Amino acid sequence: MSIAPHVHKLKLKLLRKQIDDDLYVEEYLAHGSYGAVFRVSDRYNRRQLVLKVMHKSSRWEEESTLHYFLSKHPNIVTLHENIELGDYAASLLDYCPGGSLHDMIYARAAYAGDSASIRSAFLQIIDAVDHCHTNYVYHRDLKPLNVLCNEDGSKVFLTDFGLATRDDASHEHSHGTVAYMSPGMFGPMKRVEPIVTYYPECYPEKHWCSTKIAPYSPEANDVWSLGVLFLDLACGDRIWESPNAGDERYRKFSEDPSAFLRSEYPLNDHTRLLLLRIFSPERYRISLKALREEIYSIDGFYLSDYEIASSTPQVQKNAVKYGPWTDLADGDYGRLAGVLHECGVENLPSNSDTDSSTDFVDISLTTPQNEPFHFRSDCIKDEEHPTPYITGLYPSIY
Ligand SMILES: Nc1ncnc2c1ncn2[C@@H]1O[C@H](COP(=O)(O)OP(=O)(O)OP(=O)(O)O)[C@@H](O)[C@H]1O
Ligand SMILES: [Mg+2]
């Protein structure tokens with residue numbers, strides 16, 4: 001990927017240079033739309049820090065002022081001080097060695113299928129956002145790239161206040177990251193509110209809500225973004241690219257939100273209903289405080305193995321790709337026994353025929369509701385295992 005000229009210039013100016021008596025620029029880390037980020041060592045305090053460098057501008061001043069004001073919270077990246085570097089200005093931040101939550105999810109699958117670690121990370125993000133809102137600051141760019149992590153992702157820190165505002169009603173549409181924006185922030189001309197079947201009394205008939213030129217609430221917009229981010233965390237999937245009718249997935253969601261979520265993700269009813277309260281029109285959207293309470297009280301976010309096995313192929317695919325079936329596909333015998341037990345089967349059923357030339361069996365069962373229920377299972381049959389011996393279990397899509 002080619003590197004932007006301003007980043008190249010900044011690298012030449014700063015990389016492996018001494019900034020003052022204590023600070024030495026060790027490594028280029030990343031760039032955003034407006035500047036570049038470097039790891040620096042603070043020789044006096046013997047610690048690693050980060051220098052986020054941008055052109056001097058009113059935008060930088062606003063970003064760094066708001067970030068500094070909020071940075072005492074344990075889940076917000078600490079901003080120690082702001083430094084002048086000729087035409088540039090820089091913020092000196094705590095270094096987060098785990099990188100972004102985006103990489104934790106998509107490169108390391110750090111939370112896949114694990115409700116406890118998802119809940120812990122998500123609550124930390126909610127707490128950071130709540131601290132902002134309590135101080136009348138609204139972030140407006142909540143997404144996995146703007147959350148940073150410790151080494152193993154067990155601690156997370158909100159950063160990047162470049163779009164933050166103190167306005168409680170805003171006309172600034174379409175700045176920021178489209179996939180995480182609420183329809184209100186996306187823009188009045190393209191605005192399409194979802195139909196929420198969860199509140200049928202508010203939506204007596206199915207229709208697209210018409211567009212209105214109206215300000216949106218940055219506070220409610222943050223709650224919407226958290227819903228999109230939750231699906232990154234729990235399902236390793238970006239629910240849609242843009243909250244408007246031109247986006248096929250968003251359009252399908254809008255036609256029947258509950259059915260869409262049920263056909264896509266291995267999430268249980270409690271979690272699905274919570275998502276519907278997040279992806280609601282602004283005036284019905286769940287508050288941040290209520291969202292925190294709900295997340296705190298949900299035992300687990302996923303369907304049971306048995307429920308996944310009787311869900312759509314897409315749900316099963318997502319469950320294997322990132323969700324709770326990752327272990328199962330790796331051949332976890334304890335879980336396999338559990339699934340079969342849930343189906344009332346203690347041993348392989350008689351139709352699980354195999355011969356020595358194949359290394360899998362198809363298992364067809366009937367659920368207690370008399371629905372067909374299929375597994376394909378890796379299996380060995382040899383002298384040592386004269387009856388088929390299961391070594392891995394996969395959903396029927398394979
Ligand atoms: N304190 C930090 N510790 C470790 N990495 C960091 C730190 N701050 C930023 N980064 C890295 O730099 C990337 C960009 O940082 P940030 O989002 O603050 O910049 P930005 O210019 O505002 O980005 P954008 O405009 O693309 O949102 C982060 O996603 C992360 O990979
Ligand atoms: Mg950013």
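## Around the ligand

Five strands each put at least two residues into the shell around ligand 1: S1 (23–31), S2 (35–42), S3 (47–55), S5 (88–94) and S6 (99–100). Strands here are DSSP runs of E with at least two residues, helices are runs of H or I with at least four, and both are numbered from the N terminus. This is a predicted model, where local features need pLDDT of at least 70 and side-chain atom pairs count only at pLDDT 80 or more, while totals for chains, interfaces and linings use all residues. Residues are numbered from 1 along each chain as its sequence is written, and chains are lettered from A and ligands numbered from 1 in the order in which they are written.

There are 22 residues around ligand 1, and Ala 30, Gly 32, Ser 33, Val 50 and Asp 160 come nearest. To be near, a residue needs its C-beta atom, placed from the backbone, within 6 Å of the molecule or strand. The shell has 11 nonpolar, eight polar and three charged residues; Ala, Val, Leu, Ile, Met, Phe, Trp, Tyr, Cys and Pro count as nonpolar, Asp, Glu, Lys and Arg as charged, and the others, Gly among them, as polar. Ligand 1 lies between domain 1 (4–95) and domain 2 (104–150 + 218–379), because both give residues to its shell. Those bounds come from an automatic or database domain assignment.

## The chain as a whole

The protein chain has 14 helices and 11 strands. Among contacts with a separation of 6 or more, 60% join residues 24 or more positions apart; a contact needs C-beta atoms, placed from the backbone, within 7 Å.

## The five-stranded sheet

Now for the sheets. One is an open, antiparallel sheet of five strands, in the order S1-S2-S3-S5-S4. S1 and S4 are the edge strands with a single partner each, so one side of each has no neighbour in the sheet. On average, neighbouring strands are turned by 30° against each other, direction ignored. Strands count as paired if DSSP finds at least two bridges between them. S1 and S2 are joined by seven bridges, with Tyr 28 opposite Phe 38 in S2.

S5 has five of its seven residues buried, so the rest of the structure largely encloses it. Seven bridges link S5 to S3, where His 55 stands opposite Tyr 88. Another six connect S5 with S4 (residues 79–85), and Glu 84 faces Ala 89 there. S4 and S5 make a hairpin with two residues between them, and Gly 86 in the turn has a positive phi of about 65°. Helix H2 (residues 58–70) lies across S3, S4 and S5, at about 155° to S4. Axes are lines fitted to C-alpha atoms (for helices, over the stretch in contact), with angles from 0 to 180 degrees between N-to-C directions.

## The three-stranded sheet

S6 turns up again in an open antiparallel sheet of three strands, ordered S6-S7-S8. S6 and S8 (156–158) sit at the edges with a single partner strand each, so one side of each is left without a neighbour in the sheet. Three bridges hold S7 (residues 147–149) and S8 in antiparallel pairing, and Leu 148 has Phe 157 in S8 as its bridge partner. Helix H4 (residues 115–134) packs on this sheet, touching S7 and S8, with its direction at about 25° to that of S8.

Methods: Contact = placed C-beta atoms within 7 Å. Buried ≥ 20, exposed ≤ 12 C-beta atoms within 10 Å, placed from the backbone.
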